[in-house]
Amino acid sequence: MNSNAKSGWLAYLELMRISNNPTVISNTLAGVALAGVSLGDWRVWLLALAFSLFYSAGMVFNDWCDYAIDQRERPERPLPSGRVSRNAALLLTIGLFGIGLACVALVSWQGLLWAGGLVGLIVLYDLWHKTNPISPILMAGTRILVYLSTIAALDAAFSWQVWLAVGLLFSYVMGFTFIAKSELRPQLKALWPAICVLLPIGYALITPDFSPILVSVALLSWSLHSMGLVYRQRQIGPAIGRLIAGISLFDALVCIVAGNLWACAFAIAAFGLTRLAQRSIQGT
């Protein structure tokens, strides 16, 4: 769909990068699996909704902060094109953050403290990411805080498996976010952290079971395919969209290692749904 033809509610979905939202839900499910909680627990889906709202709010506020830059470099986006007003975007940001925090508060006050930290980090990233050399670290921090906030909200323990999964998710997101920062000025020498993208495949090795190996192979294949777009074809934007979707494959790996097959199935479905939605709404 031509972006210029998008208007009304479609412009808002584009502004919220709604196509990437399934990856936030799978982040939550991975946290749930690490916490050892059943998907039948009502708190699971309320947390998934909350973190999805945080993600959408962060995307809207990101465009609100980058308005002047997007006027020059991406005038087709909803704000510079005038399809959504800046005032509406700011109100939407506040509303989404507020509803999300209320959802977490219904689950746990301890989780609310962690979620407050997540919202603060999202806002910090949006306010200071274009000229910030450590912005990939901040972005990775927002993703791992979904894991940690979920586990804290469900009052579960922070085991070594949790910290290992958190570290590998951090590595993956930091790696591709660093690549994304070079999107407008591609330099091969600046892409060395991309190796971080491949580290999470090793998570399958913490269990002797065979099934996690299958998910790990899928994650490896997808990551290599996506990285090929970067190094061989210089198609950084499409590669980043694929790597964002790949977050759900890592979440699926975390879920199956934790023995939660239903969460794994939902995470794999989130991967497919993200890729399908990205055909209509770009993930970057």
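View 1. Leaving aside neighbours within four places in sequence, Ser19 is in contact with Thr274, Ala277, Gln278, Ile281, Gln282 and Gly283. The model shown here and in the other views is predicted. One of the residues in contact with Ser19 is Ile281, and the side chain of Ser19 reaches the backbone oxygen of Ile281 at 2.9 Å. Ser19 itself is found in the loop between helix H1 (9-15) and helix H2 (21-35). Because its relative accessibility is 0%, Ser19 counts as buried.

**View 2. Arg17 in the loop between H1 and H2.** Arg17 is placed in the loop that runs between H1 and H2, and Ser19 is also found in the loop between these helices. The phi angle of Arg17 is near 50°, which is a positive value in a residue other than glycine. With 6% relative accessibility, Arg17 counts as buried, the cut-off for buried being under 20%.

**View 3. Packing of helix H3 against helix H5.** Helix H3 covers residues 42-65 and helix H5 covers residues 86-107. The two helices pack at an angle of about 160°, and their axes are 8 Å apart. Angles over 145 degrees count as roughly antiparallel, and H3 and H5 are therefore roughly antiparallel to each other. The crossing in which H3 passes H5 is left-handed. Sorted by class, the residues in the contact of H3 with H5 are 22 nonpolar, 4 polar and 2 charged.

**View 4. Packing of helix H6 against helix H7.** Helix H6 (residues 109-127) and helix H7 (residues 135-153) have axes that come within 9 Å and cross at roughly 165°. That angle makes H6 roughly antiparallel to H7. H6 passes H7 in a left-handed crossing. On the H6 side, the residues that meet H7 are Gln110, Gly111, Trp114, Ala115, Gly117, Leu118, Leu121, Ile122, Leu124 and Tyr125. On the H7 side, those that meet H6 include Ser135, Leu138, Met139, Gly141, Thr142 and Leu145. Val146, Leu148, Ser149, Ala152 and Ala153 of H7 also take part. By class, the contact of H6 with H7 has 14 nonpolar and 7 polar residues, and no charged residues.

View 5. Asp155 is placed in the loop between H7 and helix H8 (160-181). Phi of Asp155 is near 55°, a positive value in a residue other than glycine. Asp155 counts as exposed, because its relative accessibility is 63% and exposed means over 50%.

**View 6. Gly8 in the segment before H1.** Gly8 lies in the segment that comes before H1. Gly8 is partly exposed, with 39% relative accessible area. Gly8 and Ser159 are 151 residues apart along the chain, and their C-alpha atoms are separated by 46 Å.

**View 7. Gln71 in helix H4.** The place of Gln71 is in helix H4, which covers residues 67-73. The relative accessible area of Gln71 is 44%, so this residue is partly exposed. Gln71 and Leu49 are 22 residues apart in sequence. From C-alpha to C-alpha, the distance in space between Gln71 and Leu49 is 32 Å.

Notes
Residues are numbered from 1 along each chain as its sequence is written. This is a predicted model: local features need pLDDT of at least 70, side-chain atom pairs count only at pLDDT 80 or more; totals for chains, interfaces and linings use all residues. Side-chain values use heavy atoms; hydrogens and water are left out. Helices (H or I, at least four residues) and strands (E, at least two) are DSSP runs, numbered from the N terminus. Buried means under 20% relative accessible area, exposed over 50%, partly exposed in between (1.4 Å probe, protein chains only). A polar contact is a pair of N or O atoms within 3.5 Å; within protein, one must be able to donate a hydrogen and the other to accept it, and residues adjacent in sequence count only if both atoms are side-chain atoms. Contact means heavy atoms within 4.5 Å. Axes are lines fitted to C-alpha atoms, for helices over the stretch in contact, and angles run from 0 to 180 degrees between N-to-C directions. Angles under 35 degrees count as roughly parallel, over 145 as roughly antiparallel, 65 to 115 as roughly perpendicular and the rest as oblique. A crossing is left-handed if the near helix is turned anticlockwise from the far one by less than a right angle, and right-handed if clockwise. Ala, Val, Leu, Ile, Met, Phe, Trp, Tyr, Cys and Pro count as nonpolar, Asp, Glu, Lys and Arg as charged, and the others, Gly among them, as polar.
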